Amino acid sequence: MEIAEVNKKIVQRFYELVEQENYAEAKKLCHKDFVFYFQMDTPIYGADGFVESERKNFSAFGHFTMKIHNLLAEGNKVAAYLIFEGQHNKAPLMGVSPSGKNIRFSLFMLLTLKDGLIIEKRAHFDRTDILAQASGVKG
């Protein structure tokens, strides 16, 4: 199997585990030098930092889905387009108390793999849109 296809399978499995909130298994797909860029140039170093960040955000939702709609790969890079959907009903999200509102937004991720593991993950999404959905205040 071509390396790009292998890398796509690793990324697909990674997001399945994140959606299941199975962070212990997701961390196993991360390289020891893993870096997560939450937005642009804001690095979070290590898989533990990534998990802490994801738990903080996703704990606001009783249940959520994060489905991959497109995966493109070339060499050691994989681009993933995902759609997140969940009800904001458990914990504050970006300073907004649980609203019970359904939140839906798209994400674009660019992941780099090394030695069969994810070494870098760059996330791009619209925080303003998410906050507006959670608060009910249009931007």
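Which residue forms a salt bridge with Arg13? The views below start there, after a word on the model. This is a predicted model, where local features need pLDDT of at least 70, side-chain atom pairs count only at pLDDT 80 or more, and totals for chains, interfaces and linings use all residues. Residues are numbered from 1 along each chain as its sequence is written, and side-chain values use heavy atoms, with hydrogens and water left out.

View 1. The partner of Arg13 is Glu16, with the closest N and O atoms 3.2 Å apart. For a salt bridge here, a side-chain nitrogen of Lys or Arg sits within 4 Å of a carboxyl oxygen of Asp or Glu. Both residues belong to helix H1 (residues 3–19), 3 residues apart, or about one turn of the helix. Helices are DSSP runs of H or I with at least four residues, strands are E runs of at least two, and both are numbered from the N terminus. Glu16 is partly exposed at 34% relative accessibility, and Arg13 gets that label at 37%. The cut-offs: buried is under 20% relative accessible area, exposed is over 50%, and partly exposed is in between (1.4 Å probe, protein chains only).

**View 2. Lys67 reaches across to Glu19.** This salt bridge has its closest N and O atoms 3.2 Å apart. It links distant parts of the chain, since Lys67 is in strand S3 (residues 61–74) and Glu19 in helix H1, 48 residues apart. Lys67 is partly exposed at 44%, while Glu19 is buried at 18%. Side chains of opposite charge can pair when their charged atoms come close.

**View 3. Lys28 pairs with Glu25.** Here the closest N and O atoms are 2.8 Å apart. Lys28 counts as exposed, with 55% relative accessibility, and Glu25 is partly exposed at 32%. Searching the whole structure turns up 8 salt bridges.

View 4. His88 belongs to strand S4 (residues 77–88). Buried or exposed? His88 is buried, at 0% relative accessibility. Setting aside neighbours within four places in sequence, His88 has contacts that include Phe61, Leu93, Val96, Ile103 and Ala134; a contact means heavy atoms within 4.5 Å.

View 5. Most residues other than glycine have a negative phi. Glu21 isn't a glycine, yet has a positive phi of about 55°. Glu21 lies in the loop between H1 and helix H2 (23–27) and is partly exposed at 37%. Asp115, also not a glycine, has a positive phi of about 55°. You'll find Asp115 in the loop between strand S5 (102–114) and strand S6 (117–124), exposed at 65%.

**View 6. Stepping back to the whole fold.** The protein has 4 helices and 6 strands, running α-α-β-β-α-β-β-β-β-α from the N terminus. Its radius of gyration is 15 Å, close to the 14 Å from the globule rule for 139 residues, so the protein is as compact as a globular protein of that length. That radius is taken over C-alpha atoms, and the rule is 2.2 Å times the number of residues to the power 0.38. Along the principal axes, the C-alpha atoms fill a box of roughly 45 × 25 × 25 Å. Buried residues come to 45% of the 139.
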